[in-house]
Amino acid sequence: MAGAFPADSGIENGDGYVEAIQTLNGWSAEGCTDATLMPLCDVHDGTGGIGIKSVTLTGKLAVDGGEHLINSTTIAAGADVTFKTGQFRHITVNGKASFVGGTYLGLVTAAAGAEAVFSGGAYQYLNVEDGGTAVVKNSAAFGEDVEVKGTLTVEGGSFGAAVVVERDGTMNVNGGSFTGTEYDKVTYGNGAKGTVSGGSFAELYLYGSGTAWLAGGSFTKLSTASFGVLSSLLADGAAYYDQSGSAISGSGVSELNDVTVKTHTHTVDEQTGTCSVCQKQMAASLTAGNETSWYLTLDAAIAAANG
């Protein structure tokens, strides 16, 4: 089902624009699957706008704003909106939203219950709130701070400023570029969670063991709290390597520079049970014939023995 406004629709002013939004939302509720909002003027209550401060979208539709600016947009719970082009100051997502293009001049918020996917476009700030989820991939670019209290998955894209994963927040990274340093570094705070299996980082700080596991990625500077050691942050089977490709055996420190993380086969001293590559202490071994496998936990060894 598709819908279209008649040629004499009066939507050039604020009242008409509100009517257009209400009509689009209504069409979507009736089953229209290809409704597109195309503003022909700036939508805000400042100079040059049409007197509307904010709009709420409740259905399944696309926004194709061209060069026009929309001040504040709310995606209602249950809505499914695709942003193609346009300029936007503030967006709050409570339902589903796909961002494939456009310029975002203020804060984008993925609220509790939101499912937001960013595959293109240029952004300033992003907040993923507790209970909200977001995915960043392809060419999406964030120029200012990102705060994660919910769940953020990074498959690609770029981040030029601070990315902070708060207590109970989760960020899983398997791609993307993080170029911020010092105050703009990537930080996993106390209680934050996640796995880093790819991506490039100018500077990554992890509060301590259990915050995030490192299974891949490249790092210009990698650090943890002064009381911790970086060897404890490696996922099982992973190790630090220097720029020449040699495994770093001395990773019982709180800072390393110019390293990558890659998987490896544990080389374990049978007397101490410590891997000479990643410095992890093994909890158990399992020998079958002439082959011995090592495990970080007794439960893992038992599970392997049980088949």
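Predicted model: local features only at pLDDT ≥ 70, side-chain atom pairs only at ≥ 80, totals over all residues.
Lys60 lies in strand S3 (residues 60-75) and Asp80 in strand S4, so the pair ties together parts of the chain that are 20 residues apart in sequence. Lys60 is also partly exposed, at 40% relative accessibility.

## The other salt bridges

Side chains of opposite charge can pair when their charged atoms come close. The count for this chain comes to three salt bridges, and one of them joins the side chains of Glu203 and Lys221 at 3.6 Å, N to O. This pair links distant parts of the chain, 18 residues apart, since Glu203 sits in the loop between strand S19 (195-201) and strand S20 (204-206), while Lys221 belongs to strand S21 (residues 213-224). Glu203 is buried, with a relative accessible area of 8%, whereas Lys221 is partly exposed, with 27%.

Glu147 and Lys149 also meet through their side chains in a salt bridge, at 3.8 Å from N to O. Glu147 is partly exposed at 27% relative accessibility, and Lys149 is likewise partly exposed, with a relative accessible area of 39%.

## The chain as a whole

The chain has two helices and 25 strands, and buried residues make up 44% of its 307 residues. Its accessible surface comes to about 14,000 Å², of which 47% belongs to carbon and sulfur atoms. Among the contacts in the chain with a separation of 6 or more, 23% are accounted for by residues 24 or more positions apart.

## The nonpolar core and Phe99

The largest nonpolar core has 66 residues, and those with the most contacts inside it are Phe83, Phe99, Phe118, Tyr188, Leu214 and Tyr240. Strand S4 (residues 80-93) gives the most to this core, with five residues.

The surroundings of Phe99 can be described in some detail. Leaving aside its neighbours within four places in sequence, Phe99 is in contact with several residues, including Phe83, Ile91, Val93, Tyr104, Phe118 and Tyr123.

Tyr123 is found in strand S9 (residues 122-123) and is buried, with a relative accessible area of 2%. Its side chain reaches the backbone oxygen of Gly120 at 2.6 Å. Beyond its neighbours within four places in sequence, the contacts of Tyr123 include Phe99, Tyr104, Val108, Phe118 and Ala140. Tyr123 and Ala140 are 17 residues apart in sequence, and their C-alpha atoms are 7.7 Å apart in space.

Thr109 has its place in strand S7 (residues 107-110), where it is buried, with a relative accessible area of 8%. When neighbours within four places in sequence are left aside, Thr109 is in contact with Ile91, Thr92, Val93, Asn127 and Glu129.

## Two loop residues with positive phi

Most residues other than glycine have a negative phi. Asp168, however, has a phi near 70°, a positive value in a residue other than glycine. Asp168 is placed in the loop between strand S16 (163-165) and strand S17 (170-178), and because its relative accessibility is 53%, Asp168 counts as exposed.

Glu182 has a positive phi as well, near 50°, and lies in the loop between S17 and strand S18 (186-188). With a relative accessible area of 56%, Glu182 is exposed.

Conventions: Residues numbered from 1 in each chain as written. Heavy atoms only, no water. Core = buried A, V, L, I, M, F, W, Y, C linked by side-chain atoms within 4.5 Å. Buried < 20%, exposed > 50% of the residue type's maximum accessible area, 1.4 Å probe, protein only. Helix = DSSP H or I, 4+ residues; strand = E, 2+ residues; numbered from the N terminus. Contact = heavy atoms within 4.5 Å. Areas by Shrake-Rupley, 256 points an atom, 1.4 Å probe, with all protein chains shown as cover. Polar contact = N/O pair within 3.5 Å; in protein donor to acceptor, adjacent residues only side chain to side chain. Salt bridge = Lys/Arg side-chain N within 4 Å of Asp/Glu carboxyl O.
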